[in-house]
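Reader: Hi! I'm new to this one, could you walk me through a few residues?
Author: Happy to, let's have a look together.

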Amino acid sequence: MVHAGFVEVQVPRLVWLEEPFAPQQLHAYRRARGFGTLPLAAGENHFLRWDFQTLLDDGAVSHLQPDLSKCGGITEALRIAALASTHGVPISPHSATTALNYAASIHLLAAIDNPGWFEADAATANPFHHEACSSPYTLDTEGRVAPLEAPGIGVVVDEAMVLAHRLPD
């Protein structure tokens, strides 16, 4: 249930409240948009541009977070970004799954006119963050990332590591 006190909490430097509802609960996003001023973000568990179109048409969120490994890849993410651009909504891709996703997300952010934040997970417990491929980004002295300049998305995949961790059929 959504109530007026839900988003009235103001926290200094808080950019958005991320995915406060299940992705199927579009009615909750619609209702919450009228409470307070805290921006809402959604998208890491939405799929394809039509899910995002509904969020945009409702004016329910201030930031979209498509996950390139779930939303249909780079091409579909570009379509989602174009839709969001027409609404003035930035894209901050959810990319906490693998280093390949990090690299692809950085390239997406560099290619669109409405880039938001780059999300990375510094946890060392997930070998797909640090062992699946070469480093997906470098940080400059200001803490910014830029797309790698090698062919493709700029990384070299450790195929043996990926094969060793593949899911069974």
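Author: Let's start with L48, which is partly exposed because its relative accessibility is 39%, between the 20% and 50% cut-offs. Keep in mind that this is a predicted model.

Reader: Thanks! Where is L48 found?
Author: L48 belongs to helix α2, which covers residues 48–58.

Reader: And what about its phi, positive or negative?
Author: The phi of L48 is positive, at about 60°, although L48 is not a glycine.

Reader: OK, switching to E19. What is its phi like?
Author: E19 is not a glycine either, and its phi is positive at about 45°.

Reader: Where does E19 lie?
Author: You'll find E19 in the loop that runs between β1 (17–18) and α1 (26–32).

Reader: Is E19 buried or exposed there?
Author: E19 is buried, because its relative accessible area is 17% and the cut-off for buried is under 20%.

Reader: Nice. Now N114, where does that one lie?
Author: N114 is in the loop between α4 (99–111) and α5 (127–130).

Reader: And why does N114 count as buried?
Author: Because its relative accessibility is 9%, and buried means under 20%.

Reader: Which residues does N114 touch?
Author: Leaving out residues up to four places away in sequence, N114 touches A81, A84, S85, V89, P90 and I91.

Reader: What does the side chain of N114 reach?
Author: The side chain of N114 reaches the backbone oxygen of A81, at 3.1 Å.

Key: Residues numbered from 1 in each chain as written. Predicted model: local features only at pLDDT ≥ 70, side-chain atom pairs only at ≥ 80, totals over all residues. Heavy atoms only, no water. Helix = DSSP H or I, 4+ residues; strand = E, 2+ residues; numbered from the N terminus. Buried < 20%, exposed > 50% of the residue type's maximum accessible area, 1.4 Å probe, protein only. Polar contact = N/O pair within 3.5 Å; in protein donor to acceptor, adjacent residues only side chain to side chain. Contact = heavy atoms within 4.5 Å.
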